[in-house]
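Please look through the sequence and the model shown here before reading on.

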Amino acid sequence: MNLNIKDTFNKELPADSVLENTRRQVEKACFSFVTPKQTAKPEMIHVSPEMLENLGLSKDDAQSKAFLKTFTGNAVLPNTKPYAMCYGGHQFGNWAGQLGDGRAINLAEVEHGNNRWAIQLKGAGETPYSRTADGLAVLRSSIREYLCSEAMHHLGVPTTRALSLALTGDQVLRDVLYNGNPEYEKGAVVSRVAPSFLRFGNYEIFAARQDFKTLKTLIDYTIKYFFSHLGEPSKGTYLAFFSEVSERTLDMIINWQRVGFVHGVMNTDNMSILGLTIDYGPYGWLEGFDFGWTPNTTDRQHKRYRFGNQPNIGLWNLYKLANALYPLIEEAELLEAILDQYKADFETKSLAMMRSKLGLEVEEALDASLVQNLEDNLLLAETDMTIFFRKLSDFNIEKPSEALELIKDAFYVSTEITEEIQQKWETWFQRYADRLEQEQTTSEGRKKNMNRVNPKYVLRNYMAQLAIDDADKGNYKLIDELFQMLKKPYDEQPEYEKWFAKRPDWARHKVGCSMLSCSS
């Protein structure tokens, strides 16, 4: 197994001077050296062929003992020094102080094919940032992260990636519902990969501690390796850096809204500086279209991270990043202008995204009203978002009166569709048909375009839970089936038609299928 190691983070940035792996406040350091925990009986469950190739590894490598040992924490790559990153964060709107990689350990950075990848193990043991936790992960959450990060990539959503999923052979104690009833679960490790795992919180921690020297060192490093096109460090470069982070963050969230993804825990320590979806905890896809839905049990009361609020939270988090960068810029108005641009861009980009979902290429003044009416209708009765938009691509402009029959499978309870609701839908479909008259594209062309942005298959929570239930019994076939299907989420794939279906009734209130906790 030959990886082209090119470590920079742990060579160019200040390290924690304390080498003992004890929980503590880590000052004036970007990371702490730490060795992954040895596991009892590691077993590789699944490996992503695409990520193998991205790292310059072969299928034979993936079958080797060296691969198994390295990506389950039982061996350290030659000439490398694993480490955990130091960062802080705002959690549910409140400053939480130092957080850091509590159960993630960075193995190394690899260069291959003009790309840089940081490789990380999630669930490989405690670090100085583990606080009261054990630094481990369970099979349940590891399957969810492994499948979702790869599914999101193929949906065209910026994301961290996953290389491998493995059992550790250890038992891990978890209280899945935080109700005082912990149980032992199978331990697991996911190897996840990204150009960088830097988060907003990496910068916030140094600003909060008024350690502006380390803050500048980290920002300069970030620009050097990930925003080098912005030029040498200066006040102007720092502003351009913040502007690009803001744009990437918004583009990521617009993509979330497009496919109906809800992150569930958009704390600033879970916000990638590269605009990648990071930290797949209590996420979920909308089943019924609902701006107020959150998959996170911890957020059930206030619903801070609900589907409809994700763009606002992105902006709130950017305000916190702006505050962290302010000591190097010292001109609030310039930072505020970038934040104001986010607000303006959200309006235009969100409307453009909805136009694409509706197959509209021409821009018309009343499109925002058309979209608003549609969203109002989608809220009248529980309506499956994924199925509705996918079926809408078959809309017949000459027969709008038949459209309700076309999308009937998207309704969860058909008896909810009263005459009044039916009338509102018929009115909207007629308006949609009139609007499509202004387009130049053929119906076949429109369908093709719509099916490029409206997925047929997404990783619904019940699907992941079925794979988890099977895996708990030692059967990993469903993990692979979902993995293969989700590589082509926009294709018809008739062999997987059974997955193009509403959430079944049994999953409506089942743990893991409707609401999830951060426990993993």
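Two strands are said to pair if DSSP finds at least two bridges between them, and the strands themselves, like the helices, are DSSP runs numbered from the N terminus, with helices being H or I runs of at least four residues and strands being E runs of at least two. The structure is a predicted model, in which local features need pLDDT of at least 70 and side-chain atom pairs count only at pLDDT 80 or more, while totals for chains, interfaces and linings use all residues. Residues are numbered from 1 along each chain as its sequence is written, and side-chain values use heavy atoms, with hydrogens and water left out.

Seen as a whole, the protein contains 17 helices and 12 strands. Its radius of gyration is 24 Å, close to the 24 Å that the globule rule gives for 520 residues, so the protein is as compact as a globular protein of that length; here the radius is taken over C-alpha atoms, and the rule is 2.2 Å times the number of residues to the power 0.38. Along the principal axes, the C-alpha atoms fill a box of roughly 70 × 60 × 45 Å. Of the 520 residues, 57% count as buried, where buried means under 20% relative accessible area, exposed means over 50%, and partly exposed lies in between, with a 1.4 Å probe and protein chains only. Among contacts (heavy atoms within 4.5 Å) with a separation of 6 or more, 73% are accounted for by residues 24 or more positions apart.

Strand β7 (residues 115-122) runs antiparallel to β10 and is joined to it by five bridges, and Gln 120 stands opposite Arg 192 in β10. Strand β8, made up of residues 137-138, also pairs with β10 in the antiparallel sense, over two bridges, with Val 138 opposite Gly 187.

Strand β9 (residues 161-174) pairs with β10 as well, in the antiparallel sense and over 10 bridges. Within this pairing, Val 172 has Glu 185 in β10 as its bridge partner, and Gln 171 stands opposite Lys 186. Strand β9 is itself mostly covered, since 10 of its 14 residues are buried. It also pairs with strand β2 (residues 43-47), in the antiparallel sense over four bridges, and there Val 47 stands opposite Ser 164 in β9.

The helices can be taken up from here. The buried residues of helix α17, which covers residues 477-485, are Leu 478, Ile 479, Leu 482, Phe 483 and Met 485. The buried residues of α17 pack against β2 and β9, and also against the helices α2 (49-54), α5 and α16 (461-472).

Helix α5, which spans residues 139-155, includes Arg 140. Is Arg 140 buried or exposed? Arg 140 counts as buried because its relative accessibility is 17%. Its C-alpha atom is separated by 23 Å from that of Glu 50, a residue 90 positions away along the chain.
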